Amino acid sequence: MTKKQHYMTRPERDQLEALLRAKLPVAQIARQLGFCRQTIYNEMARGRYLHTVDYRDVERYSADKGQAVHDYNQTAKGRPLKIGKDRAFADFLEKKMLGIQGDGKTDRRKRYSPGAALAAARREGFTTSVCVSTLYSYIDKRVFLCLSNKDLWEKGRRRKRGYRPVRRVAHPQLPSISDRPESIGEREEYGHQEMDLVVGKAGSKGALLTLTERKTLRERIFLLQNKKAATVRAVFDRLETELPDFGLHFRSITTDNGPEFLQYEQLRRSIRGGERFAVYYCHSYAAWEKGRNENQNRMIRRWFPKGTDFSKVPEEEIRACQDWMNSYPRRSLGWLSPEEMLSSVSST
């Protein structure tokens, strides 16, 4: 049976109560009523109450309570929900945040954040509008059919960091980020990149070389067979050969002190002679100095968690991840995607 994409009605809640009383498994109830299992669990949580039987309290589901909680959420303490007036809008947001694709298949790696989902809805022409905080509130209250906070990438994951004095050290013989022109930090000019490696399974040789353009957040991801400096340089040698306007895309590189990046003279030397770009090195233990790339790497980890053996990941999957990232709306870009931001830069 096709899973429904609307709220559970009162008659369906009555059916749910009867089926639970009959002690049918949740999977069977979901199939019979035409909802996903998570919807059944969400509804059970809404209508849960304690029932006393032989001096013992047991949990049961009440259709009356489930309906009352639903009605309360729909009114948002007396105020009608904007999202409830536009079912197509709500369905679009829910599918985006759950990673449901156009063919109906779910890819949880492609889940959108609430802000990105709203930006995508605006792009699709929906006229209904809610702010990001309101959408988070709706998710908290389980207004959506199958969506809850646990489906979001980073809900409640903010970490509190205490102050720890760390000695910031730059490589004594290489250009420090402290010497980088202020204009690069302002992100006004296109072509300044941040670079890092995303490593895989312990003991494996494969890794991902990630390049993040600072102005547009355009991401380039390269699958490496090993983490040697010569392999990293070979990526730039190939790009310099393939891109006729290489110098516009790669004006400078900001990276860390990883051994694969420390062959400074060889890294910046053009295959045609001379210097192909400037290179600046962050201080030790200061990943935030190339924070745009660090944030991008966190998105990559959605696709390839720690422990991934990159020797078994096909190039097509790397390209799919890169394409998804470059089409994902970003708050720092005014909810444009890197592709859209790049188009606006190219047209100026």
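Tutor: A residue is called buried under 20% relative accessible area, exposed over 50% and partly exposed in between, using a 1.4 Å probe and protein chains only. By that cut-off, 45% of the 348 residues in the protein chain are buried. The model is predicted, so local features need pLDDT of at least 70 and side-chain atom pairs count only at pLDDT 80 or more, while totals for chains, interfaces and linings use all residues. Residues are numbered from 1 along each chain as its sequence is written, and side-chain values use heavy atoms, with hydrogens and water left out.

On a 1 Å grid over the protein atoms alone, a cavity is a set of points where a 1.4 Å probe fits but cannot get out, and a pocket is an open set with protein on both sides within 12 Å along at least five of seven lines; a lining residue has an atom within 4 Å of a point. Grid points are joined across faces, edges and corners, and volume is the space filled by probe spheres set on them.

By this rule there are two cavities of 30 Å³ or more. The largest cavity has a volume of about 70 Å³. Ten residues line the largest cavity, and Met8, Arg13, Glu43, Arg46 and Leu145 are the closest to its centre. Helix 3 (residues 37-46) contributes the most to this lining, three residues. By class, the lining of the largest cavity has five nonpolar, two polar and three charged residues. Here Ala, Val, Leu, Ile, Met, Phe, Trp, Tyr, Cys and Pro count as nonpolar, Asp, Glu, Lys and Arg as charged, and the others, Gly among them, as polar.

The second largest cavity comes to about 40 Å³. Around the second largest cavity are Phe89, Leu118, Ala121, Arg122, Thr128, Ser129 and Val130. Helix 6 supplies the largest share of that lining, three residues. Four nonpolar, two polar and one charged residues make up the lining of the second largest cavity.

For an open space, take the second largest pocket, with about 410 Å³. Its lining holds 18 residues, and Asp196, Leu197, Asp256, Lys290 and Glu294 lie nearest the centre. Strand 3 (192-199) and helix 12 (291-303) are the elements that give two or more residues to this lining. The pocket lining divides into seven nonpolar, three polar and eight charged residues.

Next, the packed parts. A nonpolar core is a set of buried Ala, Val, Leu, Ile, Met, Phe, Trp, Tyr and Cys residues joined through side-chain atoms within 4.5 Å. The largest nonpolar core has 50 residues, and Leu93 and Phe144 touch the most other members. Among the elements that give two or more residues to this core are helix 5 (87-98), helix 6 (114-124), helix 12 and helix 13 (315-326). Helix 5 gives the most, with six residues. A second, separate core has 20 residues, including Phe250, Ile253, Val279 and Tyr281.

Conventions. Helices (H or I, at least four residues) and strands (E, at least two) are DSSP runs, numbered from the N terminus.
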